[in-house]
Amino acid sequence: VCVVGAGHGGSAAAAYLSLRGHSVSLLKTSSAIHNAHFEKISETNRITFIRNGVTEIAEIDCVTRVFEEAMKDSEIVIIFVQTNFQEEITERLSGLLSNQIVILEPGYLGTSYFLKKNDDRREVTYVEAQSSPFNCRIIEPGIVKVNSENVRNPVGVFPKEKKHKIFESLEELELKFVCLDSLFEAALHNPNLIVHTIGAFMSIPRIEYTNGEYWMYREVFTSTVWKLLESLDNEKMNVMEKLGC
């Protein structure tokens with residue numbers, strides 16, 4: 001398994017999968033953030049993983065910034081990068097993909113970037129996850145803590161006819177994946193599309209006044225703001241129903 005992205009979610013996934021016996025490569029794709037964390041992992045090839053009050057040490061087979069090195073012999077590629085960088089990552093991965101399963105965590109229709117770059121002969125299967133399986137944080141360099149996790153992780157598959165063929169591979173990851181009939185359903189059902197959009201717009205003065213030191217889920221969602229959220233969500237649901245979701 002090649003995990004692309006060495007931030008909160010990518011580090012947690014790499015540790016989790018390693019502890020379940022998978023050979024894991026962890027690829028850092030930028031130098032913008034989490035550099036001290038990545039340097040610590042690079043020195044030790046280990047991630048300290050805290051989950052359900054239990055601390056374990058996960059051995060990571062390959063920790064690198066080199067795409068070719070991370071992708072060598074990969075069967076499954078899991079992309080944990082901020083969605084505004086998905087297209088850039090697609091550009092850098094496109095020539096290295098052939099016959100793998102590529103999982104986008106979360107998807108947000110990122111598959112469309114790959115379809116513009118890769119031809120059918122490469123036979124890549126794309127899996128879009130509705131959201132990340134873990135709510136987690138890097139609490140200090142080399143240490144990742146899971147605060148909560150989903151009880152099920154819906155995914156959409158493209159091409160759709162490969163859904164049953166690849167599901168055995170997905171189950172081996174033990175990430176509680178559930179296959180949906182539609183890629184659109186997985187992509188558009190991520191709650192953050194609505195929750196973060198309304199939450200951020202209604203918080204702009206508060207964000208600026210506190211220099212970002214605020215807690216959106218605690219401070220923002222009054223009954224009035226929640227009405228806006230529900231209205232936008234209903235609009236989204238109407239669109240999804242028209243798409244057959």
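Guide: A nonpolar core is a set of buried Ala, Val, Leu, Ile, Met, Phe, Trp, Tyr and Cys residues joined through side-chain atoms within 4.5 Å. Buried denotes under 20% relative accessible area, exposed over 50%, and partly exposed in between (1.4 Å probe, protein chains only). The model is predicted: local features need pLDDT of at least 70 and side-chain atom pairs 80 or more, whereas totals for chains, interfaces and linings use all residues. Residues are numbered from 1 along each chain as its sequence is written, and side-chain values use heavy atoms, leaving out hydrogens and water.

Visitor: How many residues does the largest nonpolar core have?

Guide: That core has 37 residues, and those with the most contacts inside it include Leu26, Ile47 and Leu173. Helix 1 (residues 8-19) supplies the largest share, 6 residues; helices (H or I, at least four residues) and strands (E, at least two) are DSSP runs numbered from the N terminus. A second, separate core of 17 residues includes Val81 and Tyr126.

Visitor: What does Glu59 form with Arg46?

Guide: Side chains of opposite charge can pair when their charged atoms come close. A salt bridge is a side-chain nitrogen of Lys or Arg within 4 Å of a carboxyl oxygen of Asp or Glu. Glu59 forms one with Arg46, the closest N and O atoms being 2.8 Å apart. Glu59 lies in strand 4 (residues 54-59) and Arg46 in strand 3 (residues 46-51).
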